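Subject: Handover of a structure and the findings from it

Dear colleague,

Please find below the sequence and structure that I am handing over to you. A summary of the findings follows.

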Amino acid sequence: MEKKEHFFLKIYDLGIIKFGNFTLKSGIKSPIYIDFRPIASRPDLLIKLSDLLINETNFSDFELICGVPYAALPIATALSLRTNVPLIIKRKENKGYGTERMIEGIYKKGQNCFLIEDVITSGDSLLKTIIDLEKEGLIIKDIMSILDREQGGIENIKKRGYNIKTLFRIGDILNMLNKINLLKKKELHMIQLFFKKKIKNVQEKRLSYEEKRKKLNHPIGKKLIDISLEKKTNLIFSADIMYSNKILELVNSIGDIICGLKIHADIINDFSSSFITSLKKISLEKKFLLFEDRKLSDVGYTNYLQLHYGIHKISSWADIITVHLLSGKNSIQKLNIPCNMALITISEMSSHDRLSDDNYIRNVLNISIKNPKVIGTVAQRKVDDRLLLFSPGIHFSNNKNNKKKDYIHPRKAFEKNKTDFIIVGKAIYQSKNPVLEAEKYRKEAWNAYETKL
Ligand code: 6AU
């Protein structure tokens, strides 16, 4: 028997798993309840657990250790004693007097903190702790849970860009307990059924557009969804074309099939206000939104100037503009954006050699969720349900001969990333029959969305 399994049997003897009818913190009913608190009274097991965790992670990378209150606190303490990495203590609630600190211990802004959770279910308590630690300027990148109930928590945390690992998974544990006859047949069947159903729900289902709409506050986000539902299209056409008459001609013919048109105003040789007037007219007639893919990325004031001035005067016509957050959250805070215009952030580009790492992506996602002007983001992974996900880098013939490394099939964007909208350019405008091709993409993407509901 492996060292890990041997350890689990020892803690199992302490009664950390209880069988029956339980209501979890989230309100979910469960036939199983896992509680690691008894380990706090067994220093020998706390040491063993710390050593198992040390085997999984290189603690020389960390300046602090913190446990999600309260069950993980003794574990974090033991880990700190074994690794010599200083401990900080996160309070669950403010004590209401004295210093009113939420985090106790000695730390400073910018320190890299390892976070430990005992049992992960939805990941919600973990997220609360992460937010409080980040508010203090601490950097959370790596997290470890002792046991994953396999109910979506790990996925939930990963999609926000954190590295999270788990020592044990409930499925493996139940199999092991069953193998050595520690579970009654009926018990095992009930438990497996419960977890199977939950896992399937978490992995397979996605929110419908109607459900997503309820989570959005910005009128442009709601409008984009209304258009999609009405026209049964989640296709955004990327008209990366240098001549305005060509763009107008194409948009006239495929306007009925798309929910958005994305342009790069700065590549149009003959850009003019009359082009914009015509484009706006078609967008209103055929019902689609106008995206300017300007990818603002400068400091706040320059972004502001680029948005409102110059020959493009983007804020006077675009419904949506894309922005990078390389300059930080303040770079998009004072843009004076019209109320009927929204932002889409770029968390993760579609290019396979992109430079953004998980930490950067996580920061962009967090800023995006908190900024009321942001309706969604471009990323190559599933993101928080409060954001719309936009997927460029789409082509039917992805990855063939390694020539299209930056592209994925539209179905994959919905299956793997649970995207909301695909953005397609060359695959449509370089094809022999753009209308026919656009319709193929629309149909594929809409079916992919519907089958995942
Ligand atoms: O389908 P394509 O590759 O011909 O066009 C994709 C369009 C281009 C890119 O500038 C843009 O999508 N894009 C973006 C966006 C939308 O911001 C992000 C990204 O990660 N990759 C990408 O290609 O206009």
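A helix here is a DSSP run of H or I with at least four residues, and helices are numbered from the N terminus. In that numbering, Asn-303 lies in helix 12, which covers residues 300-308.

Please note that this is a predicted model. The chain has a mean pLDDT of 91, and 94% of its residues reach 70 or more. Residues 199-203 have a pLDDT below 50, and this stretch has six contacts in the model beyond near neighbours in sequence.

The barrel

Strands 9-10-11-12-13-14-15-16 form a closed barrel of eight strands with parallel pairing. On average, neighbouring strands of this sheet are turned by 25° against each other, with direction ignored. Strands of a sheet pair through backbone hydrogen bonds, in either a parallel or an antiparallel manner.

Leaving aside residues up to four places away in sequence, Asn-303 touches Leu-296, Ser-297, Asp-298, Ser-331 and Leu-335.

Backbone features

Most residues other than glycine have a negative phi, and most peptide bonds are trans.

- Pro-69 and Tyr-70 are joined by a cis peptide bond, with omega at about -10°. Tyr-70 is located in the loop between strand 3 (64-67) and helix 3 (73-83).
- Lys-287, a residue other than glycine, has a positive phi near 60°. This lysine, Lys-287, lies in the loop between helix 11 (273-286) and strand 11. With a relative accessible area of 38%, Lys-287 is partly exposed.
- Lys-295 is not a glycine either, yet its phi is positive, at about 45°. Lys-295 is placed in strand 11 itself.

With kind regards

How values were computed: Residues numbered from 1 in each chain as written. Predicted model: local features only at pLDDT ≥ 70, side-chain atom pairs only at ≥ 80, totals over all residues. Heavy atoms only, no water. Helix = DSSP H or I, 4+ residues; strand = E, 2+ residues; numbered from the N terminus. Contact = heavy atoms within 4.5 Å. pLDDT = per-residue confidence, 0-100. Pairing = 2+ DSSP bridges. Axes fitted to C-alpha atoms, helices over the stretch in contact; angles between N-to-C directions. Buried < 20%, exposed > 50% of the residue type's maximum accessible area, 1.4 Å probe, protein only.
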